[in-house]
Amino acid sequence: MKNHFQIVIVGGGNGGVSVAAQLLNQDSKLDIGIIDPSEKHYYQPAWTLVGGGAYDIEKTVRQEADCIPEKAQLIRDRVVSFEPERNAVTCLGGDQITYDYLIVAPGIQLDWDKIKGLRENLGQYGVCSNYTFESAPYTWQTLSSVKRPCKAIFTAPNTPIKCGGAPQKIMYLASDHLKKQGLLSKSEVHFYSGGSVIFGVKKYADVLNRVVSNYGIQTHFNHNLVEIDGPGQLAYFEIKNADGITHRVTQPFDMLHVTPPQSAPDFIKNSPLALKDSPLGWVDLNKDTMQHNRYKNIFGLGDAGSTPNSKTGAAIRKQAPVLVKNLIHVMEGKSLDQVYNGYGSCPLVTGYGKLVLAEFDYNNTPMETFPFDQGKERYSMWLLKTKVLPWLYWNKILKGTA
């Protein structure tokens with residue numbers, strides 16, 4: 001097997017594949033290796049819709065090899081360590097691969113075990129999560145089997161997560177489903193969040209607060225899910241008061257949708273590439289240029305990066321061209337002149353056929369694409385989410401032509 005590449009990319013997800021494609025579109029002679037152990041490539045943004053019974057799970061998966069640009073080489077292995085001083089990575093299979101330039105795009109890690117009882121109870125007793133291909137269909141199975149008033153709890157952790165609005169999207173779909181079944185008025189829907197607000201951008205927070213009110217959802221902030229008793233259908237939350245003292249509350253449930261805590265993958269956390277003194281271990285990136293702050297031949301993008309943007313596919317779409325142009329400038333001995341402004345987008349599903357498209361930058365200032373007020377629920381934006389964006393992902397984004 002070849003063990004040296006001009007450019008090595010760690011991660012074959014949205015970030016790694018789209019950057020490889022854009023680089024090769026700029027210069028087809030570039031020598032690129034992509035290291036990823038996955039056999040499948042997933043379109044994860046649709047898993048919320050799968051959980052709400054509005055999308056076919058099989059349309060969210062393709063073979064990883066079919067998504068890799070033709071002129072890049074896929075190395076099906078897992079990186080276990082980095083030696084940036086030697087320009088080398090070591091893989092689980094024992095191979096050491098060297099590079100001239102490195103791009104780190106491993107995605108985010110789901111820390112299931114930080115919630116006691118989550119892993120063993122997921123997929124039964126009404127314990128759901130849309131965060132994997134395997135578990136998302138059970139959310140709809142649970143929701144569609146509700147035939148009487150119920151207590152449904154939706155959680156969000158106190159860590160950054162991919163697509164910050166996802167914990168709420170499924171809650172709104174569930175509420176809309178219960179409403180259509182005539183069960184919402186007698187049911188209880190609760191949002192338990194480890195965070196302190198419904199959404200970080202005031203314009204969209206105002207809309208979501210109205211949606212919450214219209215559905216009669218009860219919100220509980222600074223509540224972090226720490227344990228689940230599946231057979232007993234009990235959820236345990238930890239609350240920290242103003243003095244930093246924590247106490248627990250216990251809540252019974254019929255349905256519990258869990259968003260697991262998230263962090264950088266362990267092999268990043270334990271590496272020299274991680275942000276120092278950061279328990280979540282993000283890759284230490286310059287938030288403007290996407291270059292590593294300490295190793296100038298290393299770049300990164302996506303959910304594992306330290307850039308303080310919302311962790312979304314839309315952010316990757318704006319980070320990728322900045323990274324590509326800046327990396328090419330480094331290769332040519334030029335200065336870095338491309339800047340990422342922190343753009344992120346969250347298509348906030350608020351019910352069936354309704355969506356608020358939130359778009360904003362590092363300062364949480366709205367950066368809207370369309371020539372109308374996006375702070376309203378719209379059917380057109382639902383069509384964008386369910387029809388246009390999946391097509392765009394498979395046909396344009398992964399091919400570097402979006």
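**Ground rules.** I'm working with a predicted model, where local features need pLDDT of at least 70, side-chain atom pairs count only at pLDDT 80 or more, and totals for chains, interfaces and linings use all residues. Numbering runs from 1 along each chain as its sequence is written, and side-chain values use heavy atoms, with hydrogens and water left out.

**Whole chain.** I looked up the secondary structure and got 10 helices and 21 strands (DSSP runs, H or I of at least four residues for helices, E of at least two for strands, numbered from the N terminus). Buried residues account for 57% of the 402; buried is under 20% relative accessible area, exposed over 50%, partly exposed in between (1.4 Å probe, protein chains only).

**Helix α9.** I checked its length: 19 residues (313-331) at 1.5 Å a residue should span 27 Å, and the end C-alpha atoms are 27 Å apart, which agrees. The expected span is 1.5 Å times one less than the number of residues. I then listed its buried residues, among them Ile316, Leu323 and His329. Their cover includes β1 (4-10), α1 (14-26) and β20 (344-351). After α9 comes Gly333, with a positive phi near 75°.

**Asp56.** I found Asp56 in the loop between α2 (47-51) and β4 (61-63). Is Asp56 buried, exposed or partly exposed? Its relative accessible area is 39%, so I put it down as partly exposed. A polar atom of the Asp56 side chain lies 3.0 Å from the backbone nitrogen of Glu58. I also checked Pro261: it sits 205 residues from Asp56 in sequence and 26 Å away in space, C-alpha to C-alpha.

Key: A polar contact is a pair of N or O atoms within 3.5 Å; within protein, one must be able to donate a hydrogen and the other to accept it, and residues adjacent in sequence count only if both atoms are side-chain atoms. Contact means heavy atoms within 4.5 Å.
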